[in-house]
Amino acid sequence: MGSRHIPVLVEEVIALLRCEPHQVYVDATLGGGGHALEILRRTAPDGIVIGMDWDEDALSEAREALKPFEHRTKIFRENFVNLPDILSLLKIDRVDGILFDVGLSSIQLDEGGRGFSLKSEGPLDMRMDQRAKVSAADLVNGLSEAELAETLYRYGEERWSRRIAKAIVEERRRDSIETTQALRRVVCQAIPRRFHFRRIDPATKTFQALRIRVNDELENLRQVLETGWRVLREGGRLCVISFHSLEDRIVKETFRRLAKESEKAGPNGGLRIVTKRPVVPSEEEQNRNPRCRSAKLRCAERV
Ligand SMILES: C[S@@+](CC[C@H](N)C(=O)[O-])C[C@H]1O[C@@H](n2cnc3c(N)ncnc32)[C@H](O)[C@@H]1O
C-alpha cells in the first residue's frame with residue numbers, strides 16, 4: 001500500500017460546509033478518509049457521513065481511518081455520479097453538505113503498481129476503479145494516431161500532442177507499450193530537448209491526459225455538478241476541490257450558469273455562489289504539503 005494521503009484545505013472545507021452536529025454530509029471522494037474524519041469529529045456526537053469512492057484501495061484505507069466513527073458512517077464503492085441513487089437507497093432525500101475532492105490521492109499515486117506515477121515503473125494501468133474495462137495501455141496501444149493526438153491535446157493541453165502520438169504509433173509497431181517507463185521514454189524522445197524543463201517531467205501532460213480519459217474524469221465531474229446539488233436542503237452547501245485548470249473551469253462555469261439560471265427562476269430553489277474566487281492553500285500549508293499547491297476550492301449554496 002502507498003503512503004497516506006494528506007487532506008488539503010481541511011479547515012477551509014469545514015468552515016464552508018458549516019459542519020455541525022445532527023447533520024448529514026456526503027464525502028463523495030473518500031480517498032484515505034482525511035476530510036471525512038474531520039467532518040465526523042466536528043459533528044459529534046451524532047453527525048452522519050455518507051462516504052463514496054470507486055477505488056478499493058482507497059476504501060480500505062478510509063474504513064480503517066474512520067473505524068472509531070463506524071456507527072456514524074455509511075461507505076459505498078460507487079462512482080459519485082450515482083450519488084442521487086445511493087441517497088434514495090438510504091431513503092434520504094436531503095443532505096446538509098457535499099464535498100468533492102477530485103483527482104488522485106497519494107494512496108493511488110505512490111503505488112507504482114497502479115501505473116499513475118511518472119517516477120516508478122509499473123503497468124500502464126491508471127484505472128481508479130479497478131473494475132473498469134479500459135486501461136491506459138489499451139488506449140496507448142489501441143487508439144488511432146489522430147485519436148491519441150486529440151486525447152493528449154484536449155485533456156493534457158499538450159502542445160506536442162501530434163509528435164507524441166506519431167512516436168507512440170511508431171513504437172507500438174515494433175512492440176506494444178505496456179509500462180509507465182516505456183511510455184515515458186517514447187514521450188521524452190518525441191519532445192525536442194530544448195523543451196525539457198528541469199522541474200517538470202516532459203511526460204507529465206501525457207500522463208494527465210491518459211488518466212483523465214481512462215477515468216472519464218471531466219465528464220463525471222460535469223455530470224455530478226449538474227445533478228448533485230439537487231439533493232441539498234435549502235442552505236446546504238457543495239464544496240469542490242480541483243487540481244488543474246480543466247477541472248476548475250468546469251466547476252466555475254457550471255456554478256455560474258446554475259446561479260444565473262436560479263436568479264432568473266426566482267425564489268424557488270437553485271444555487272448561489274459562496275466563493276467569488278477560489279480558495280487556495282496558505283503558504284504554510286503549501287510548505288507542509290507541496291502536493292496541495294495546485295488545489296482550488298469553490299463553494300456554492302442551495303437557495
Ligand atoms: C484527492 S482523493 C480524496 C482524498 C480525501 N479527501 C482524503 O482526505 O483522503 C480523490 C479520490 O476520489 C476518488 N474519485 C475520483 N473520481 C471519482 C468518482 N467519479 N467516483 C468515486 N470516486 C472518485 C479517487 O478514487 C480518489 O480516491
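Helices here are DSSP runs of H or I with at least four residues, numbered from the N terminus. In this predicted model, Lys205 takes its place in helix H10, which covers residues 204–215. With a relative accessible area of 39%, Lys205 is partly exposed, and on the surface Lys205 gathers with Arg159, Arg163 and Arg194 in a patch of positive charge.

The structure holds 28 salt bridges. One of these joins Arg77 to Glu56, with 3.5 Å between the closest N and O atoms; because Arg77 lies in strand S3 (residues 73–77) and Glu56 in helix H3 (residues 56–65), the pair ties together parts that are 21 residues apart in sequence. Both partners are partly exposed, Arg77 with a relative accessible area of 23% and Glu56 with one of 31%.

Glu56 and Arg77 also belong to a network of salt bridges in which Arg63, Asp129 and Arg131 are linked with them.

## Further pairs

The side chains of Glu64 and Lys67 form a salt bridge with an N to O distance of 4.0 Å. In this pair, Glu64 counts as exposed at 53% relative accessibility, whereas Lys67, at 46%, counts as partly exposed.

Within helix H12 (residues 245–265), Glu261 and Arg257 are four residues apart and thus separated by about one helical turn, and a salt bridge connects Glu261 with Arg257, the closest N and O atoms lying 3.5 Å apart. Glu261 is partly exposed at 42% relative accessibility, as is Arg257 at 36%.

Definitions and conventions:
Residues numbered from 1 in each chain as written. Predicted model: local features only at pLDDT ≥ 70, side-chain atom pairs only at ≥ 80, totals over all residues. Heavy atoms only, no water. Patch = residues over 30% accessible without salt bridge, like charges linked within 9 Å, V, L, I, M, F, W, Y side chains within 5 Å. Areas by Shrake-Rupley, 256 points an atom, 1.4 Å probe, with all protein chains shown as cover. Lys, Arg positive; Asp, Glu negative; His and termini not counted. Charge placed at Lys NZ, Arg CZ, Asp CG, Glu CD. Helix = DSSP H or I, 4+ residues; strand = E, 2+ residues; numbered from the N terminus. Buried < 20%, exposed > 50% of the residue type's maximum accessible area, 1.4 Å probe, protein only.
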